[in-house]
Amino acid sequence: MHVVFRESHGLEETATAVDLGQDPADLVVLSFSDSDLAAFAAGWRRGRKSLPSLRLANLVALRHPLSVDTYVERTLANVRAFSCA
């Protein structure tokens, strides 16, 4: 079986920067996988009373360099733990 890729996009091919508008949190998880992010969210919801604050973001939203800069300054500045899956 052969897989044919019809489109190829690089991370630098985004047209506009976006601000995700996420406030700082104790834990931040970034991933290209929506299913990974959903699993983290479901697990956090179960124990939210005893867990630190959490922010989740899909890396696709951070394709533009200005988006990354804004996210680092606004959300990651005082993070205690960070994961990029």
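Serine 31 stands opposite asparagine 58 in strand 2, where two strands count as paired if DSSP finds at least two bridges between them. This is a predicted model, in which local features need pLDDT of at least 70 and side-chain atom pairs count only at pLDDT 80 or more, while totals for chains, interfaces and linings use all residues. Residues are numbered from 1 along each chain as its sequence is written, and side-chain values use heavy atoms, with hydrogens and water left out.

**Strand pairing**
- Strand 1 and strand 2 (residues 54–58) pair in the parallel sense over five bridges, strands being DSSP runs of E with at least two residues and helices runs of H or I with at least four, numbered from the N terminus.
- The chain passes from strand 1 through helix 1 (residues 34–47) to strand 2 in a right-handed β-α-β crossover, meaning that, with the strands pointing away from the viewer, the path from the first strand over the helix to the second runs clockwise.
- Strand 1 also runs parallel to strand 3 (residues 81–84), joined by four bridges, and leucine 30 has cysteine 84 as its bridge partner there.

**Burial**
- Four of the five residues of strand 1 (residues 27–31) are buried, so this strand is largely enclosed by the rest of the structure; buried means under 20% relative accessible area, exposed over 50%, and partly exposed in between (1.4 Å probe, protein chains only).
- In helix 2 (residues 65–76), the buried residues are Ser67, Tyr71, Thr75 and Leu76.
- Seen down the axis of helix 2, these buried residues fall within an arc of 90 degrees, so they line one face of the helix, the arc being that of the directions from the helix axis to the C-beta atoms.
- Pro65 and Glu73, on the other side of helix 2, are exposed.
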